[in-house]
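Dear colleague,

Please find below the structure that I am handing over to you. My notes on what was found in it follow directly after.

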Amino acid sequence: MAADAAGLLDALDVRAAHVLGASMGGMIAQALAIDHPGRTLSLASVMSTTGDPGLPAASAEAAAAAVRARAARTRAESIEATVDAARVYAGSRFPFDAESVRRRAAEALDRADRPEGRLRHVAAVRTASNRTAALGRVRVPTVVVHGTEDPLLPIECGRATAAAIPGARFVPVPGLGHELPDGVQQWLVELVVANATGGGRDPDCKWGTTPFSV
């Protein structure tokens with residue numbers, strides 16, 4: 001999948017890009033930075049991991065929710081299983097918006113409903129190599145963002161990712177789970193831009209009128 005990303009850059013005639021990946025996307029982004037260093041200008045790894053089998057595993061509840069989501073057979077079952085899993089993955093800091101998750105799940109199925117892809121997703125994660133040593137070769141500005149209440153990839157996974165990459169900055173987000181709720185999205189975009197451009201202080205994140213700071 002990292003090779004596919006590099007191929008897409010070729011097809012678009014883009015020499016190099018600022019790369020952001022979340023969850024398995026973070027693993028792919030790391031692989032792109034490792035295998036195609038000249039194509040990566042900066043790296044943002046969000047709620048992801050190094051692939052080190054010694055890191056803490058998902059909680060039993062989160063693992064069971066993921067299994068139920070993969071086992072869904074009908075469209076309705078898949079949407080509701082996705083909502084149920086997202087509720088388990090959510091942290092305590094932001095309100096859980098079931099309707100938003102349900103809408104995005106429906107849109108994802110309308111875009112491409114490939115049940116076998118869920119199994120391939122899991123297979124890709126489980127069979128990926130341990131990238132810890134290889135991440136030591138990454139030499140681009142890197143920020144690693146991870147929720148302190150992530151039950152699927154515990155925060156130790158993010159901490160290990162940052163420790164493996166020379167000069168990487170680790171940004172733990174208190175109360176965030178394995179999720180990107182509305183309250184954190186704009187802040188994350190601004191943080192990633194700051195990492196990519198070397199600009200200024202961290203942005204404030206706002207949830208309603210309440211400032212969010214890490």
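The lining of the largest cavity consists of seven nonpolar, two polar and one charged residues. The model is a predicted one, and in it there is one cavity of 30 Å³ or more. The space inside the largest cavity comes to about 40 Å³. Its lining is formed by V46, M47, V145, H146, G147, L176, E179, L180, V184 and W187. Two elements, β3 and α9 (182–197), each supply at least two residues of this lining, and β3 gives the most, with three residues.

The elements that give two or more residues to the lining of the second largest pocket are α1 and α2. Of these, α2 provides the largest share of the lining, six residues. By class, the lining of the second largest pocket holds eleven nonpolar, one polar and two charged residues.

Let me turn to the nonpolar cores. The largest nonpolar core has 18 residues, and those that touch the most other members are L32, I34, L43, L135, V138 and I165. Two or more residues of this core come from each of α1 (2–11), α2 (24–35), α7 (132–135) and α8 (155–164). The greatest contribution is that of α2, with five residues. For I34, leaving aside its neighbours within four places in sequence, the contacts are R131, A134, L135, R137 and V138.

Helix α8 deserves a paragraph of its own. Its buried residues are I155, C157, G158, T161, A162 and A164. These buried residues pack against α2, β2 (40–46), α7, β3 (142–147) and β4 (169–173). In general, an α-helix has 3.6 residues a turn, so residues three or four places apart point the same way.

Within helix α8 you will find T161. Is T161 buried or exposed? It counts as buried, because its relative accessibility is 1%, and the cut-off for buried is under 20%. Leaving aside its neighbours within four places in sequence, T161 is in contact with Q30, S45, S48, T49, T50 and V144.

Another residue of this helix, C157, is one of the buried residues of α8. How far apart are C157 and G54, in sequence and in space? They are separated by 103 residues in sequence, while their C-alpha atoms are 9.8 Å apart. G54 belongs to the loop between β2 and α3 (60–71). G54 counts as exposed because its relative accessibility is 66%, and the cut-off for exposed is over 50%.

D13 is not a glycine, and its phi is positive, near 60°. D13 is located in the loop between α1 and β1 (17–22), and D13 is exposed, with a relative accessible area of 70%. S23 is not a glycine either, and its phi is positive at about 60°. S23 sits in the loop between β1 and α2.

Finally, here is the chain as a whole. The chain contains nine helices and six strands. Of its 214 residues, 44% are buried. Along its principal axes, the C-alpha trace spans about 45 × 40 × 35 Å. A compact globule of 214 residues would have a radius of gyration near 17 Å, and the value for the chain, 17 Å, agrees with this. Among contacts between residues at least 6 apart in sequence, 72% join residues at least 24 apart. The pair G54 and C157, described above, is 103 residues apart in sequence.

With kind regards

How values were computed: Residues are numbered from 1 along each chain as its sequence is written. This is a predicted model: local features need pLDDT of at least 70, side-chain atom pairs count only at pLDDT 80 or more; totals for chains, interfaces and linings use all residues. Side-chain values use heavy atoms; hydrogens and water are left out. A nonpolar core is a set of buried Ala, Val, Leu, Ile, Met, Phe, Trp, Tyr and Cys residues joined through side-chain atoms within 4.5 Å. Buried means under 20% relative accessible area, exposed over 50%, partly exposed in between (1.4 Å probe, protein chains only). Helices (H or I, at least four residues) and strands (E, at least two) are DSSP runs, numbered from the N terminus. Contact means heavy atoms within 4.5 Å. Ala, Val, Leu, Ile, Met, Phe, Trp, Tyr, Cys and Pro count as nonpolar, Asp, Glu, Lys and Arg as charged, and the others, Gly among them, as polar. The radius of gyration is taken over C-alpha atoms; the globule rule is 2.2 Å times the number of residues to the power 0.38. On a 1 Å grid over the protein atoms alone, a cavity is a set of points where a 1.4 Å probe fits but cannot get out, and a pocket is an open set with protein on both sides within 12 Å along at least five of seven lines; lining residues have an atom within 4 Å of a point. Grid points are joined across faces, edges and corners, and a volume is the space filled by probe spheres set on the points.
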